[in-house]
Amino acid sequence: EICLLINEAYGHMRVSTSDVKNRLRMGDAGPAANRVLHLAFREGKLVGCCSSTVQPPWTERGCGHWGLLSVDPAVQGTGVASALVAAAESRLADSRCVAIQIEYEFTPGDAYSERLLAWYEGKCGFVCSSGPPRGRWCEFRKCRKQIPLQLRVKPPKARASASPIDKRSSSVTRSASVRAQVTTSAVKQPSDGLKELVART
């Protein structure tokens, strides 16, 4: 289900079933967990996901990362992506990251690329190290933004209550492990909200 969601959102084969299984197989929700897979549900259906990594191998210490942001095309534009990004960035702030990096491909004139540019480097506040887009060809954009000091020093509960989740979502929870999350979701789970599956790298 996760694999289908991601590939449909990207419009091509972004991940395989084995890729997703490998991420989930490394599940560990301890405080030292490095990578988390955030899952968004609406009326019991998976509608989005996003990964956040406290310390990826390609950034310096203190610079976290989120990526693999995918939302069911049927609910795009309804706040799911914003809720996932808020959860990912809140987690990175809780982990004492001082900055966040994202990457994406941009093709001038392509409507989807232009929308990503406006959202990532507009609404989300990221700045590309290479400056504004230039030329007529596809380019790989590496963007960063600083996490405001007040978000890094606020108690997690205060920050969580201050940042609104998707209006149709009801909660943000972190599983004790992938096994526990799967078991819990099969027995008793809110119909809406964000869940986190942890994969440590």
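Is Lys45 buried, partly exposed or exposed? Lys45 is partly exposed, with a relative accessible area of 46%. The close-ups below take up this residue and others in a predicted model.

**Figure 1. The whole chain in outline.** The chain has 201 residues, and 44% of them count as buried. Its secondary structure comes to 7 helices and 8 strands. Take the contacts with a separation of 6 or more: residues 24 or more positions apart account for 61% of them.

**Figure 2. A salt bridge between Lys45 and Asp72.** The closest N and O atoms of Lys45 and Asp72 are 3.2 Å apart, and the two residues form a salt bridge. This pair links distant parts of the chain. Lys45 belongs to strand S2, while Asp72 sits in the loop between S3 and H3, 27 residues apart. Lys45, at 46% relative accessible area, is partly exposed. Asp72, at 11%, counts as buried because the cut-off for buried is under 20%. In general, side chains of opposite charge can pair when their charged atoms come close. The count for the model comes to 5 salt bridges.

Figure 3. Arg141 forms a salt bridge with Glu121, with the closest N and O atoms 2.7 Å apart. Glu121 lies in helix H4 and Arg141 in strand S6 (residues 139-146), so this bridge ties together parts that are 20 residues apart in sequence. Glu121 is partly exposed, at 23% relative accessible area. Arg141 counts as buried, at 0% relative accessibility. A salt bridge also joins the side chains of Arg141 and Glu139, at 2.8 Å from N to O. Both of these residues are buried. Through shared partners, the salt bridges join Glu121, Glu139 and Arg141 into one network.

**Figure 4. The largest pocket.** The largest pocket holds about 1,000 Å³ of space. Its lining has 38 residues. Closest to the centre are Tyr10, Leu69, Tyr112, Leu116 and Tyr120. Which elements give two or more residues to the lining? They are helix H1 (2-10), strand S2 (45-53), strand S3 (63-71), helix H3 (80-94), strand S4 (99-106) and helix H4 (111-123). By class, the lining has 18 nonpolar, 13 polar and 7 charged residues.

**Figure 5. The largest nonpolar core.** This core contains 28 residues. Trp66, Leu69 and Tyr120 touch the most other members. S2, S3, H3, S4 and H4 each give two or more residues to the core. H3 gives the most, with 6 residues. A second core stands separate, with 12 residues. Its members include Ile2, Leu5, Val15 and Phe41.

**Figure 6. Tyr120 in pocket and core.** Tyr120 is one of the residues closest to the centre of the largest pocket. Tyr120 is also among the residues that touch the most other members of the largest nonpolar core. What does Tyr120 touch, not counting residues up to four places away in sequence? Its contacts are Trp66, Leu69, Ile102, Tyr104, Gly125 and Phe126. Of these, Leu69 is also listed among the residues closest to the pocket centre.

**Figure 7. Positive phi at Glu43 and Leu68.** Glu43 is not a glycine, yet its phi is positive, near 55°. Leu68 also has a positive phi, of about 55°, and is not a glycine either. Where does Glu43 lie? Glu43 is found in the loop between strand S1 (35-42) and S2. Leu68 has its place in strand S3. Is each residue buried or exposed? Glu43 is exposed, with a relative accessible area of 72%. Leu68 is buried, with a relative accessible area of 7%.

**Figure 8. Leu149 and Arg96.** Leu149 lies in helix H5 (residues 149-153). Leu149 counts as exposed because its relative accessibility is 53%, and exposed means over 50%. Arg96 is 53 residues away from Leu149 along the chain. The C-alpha atoms of the two residues are separated by 9.9 Å.

Terms used
Residues are numbered from 1 along each chain as its sequence is written. This is a predicted model: local features need pLDDT of at least 70, side-chain atom pairs count only at pLDDT 80 or more; totals for chains, interfaces and linings use all residues. Side-chain values use heavy atoms; hydrogens and water are left out. On a 1 Å grid over the protein atoms alone, a cavity is a set of points where a 1.4 Å probe fits but cannot get out, and a pocket is an open set with protein on both sides within 12 Å along at least five of seven lines; lining residues have an atom within 4 Å of a point. Grid points are joined across faces, edges and corners, and a volume is the space filled by probe spheres set on the points. Helices (H or I, at least four residues) and strands (E, at least two) are DSSP runs, numbered from the N terminus. Ala, Val, Leu, Ile, Met, Phe, Trp, Tyr, Cys and Pro count as nonpolar, Asp, Glu, Lys and Arg as charged, and the others, Gly among them, as polar. A nonpolar core is a set of buried Ala, Val, Leu, Ile, Met, Phe, Trp, Tyr and Cys residues joined through side-chain atoms within 4.5 Å. Buried means under 20% relative accessible area, exposed over 50%, partly exposed in between (1.4 Å probe, protein chains only). Contact means heavy atoms within 4.5 Å. A salt bridge is a side-chain nitrogen of Lys or Arg within 4 Å of a carboxyl oxygen of Asp or Glu.
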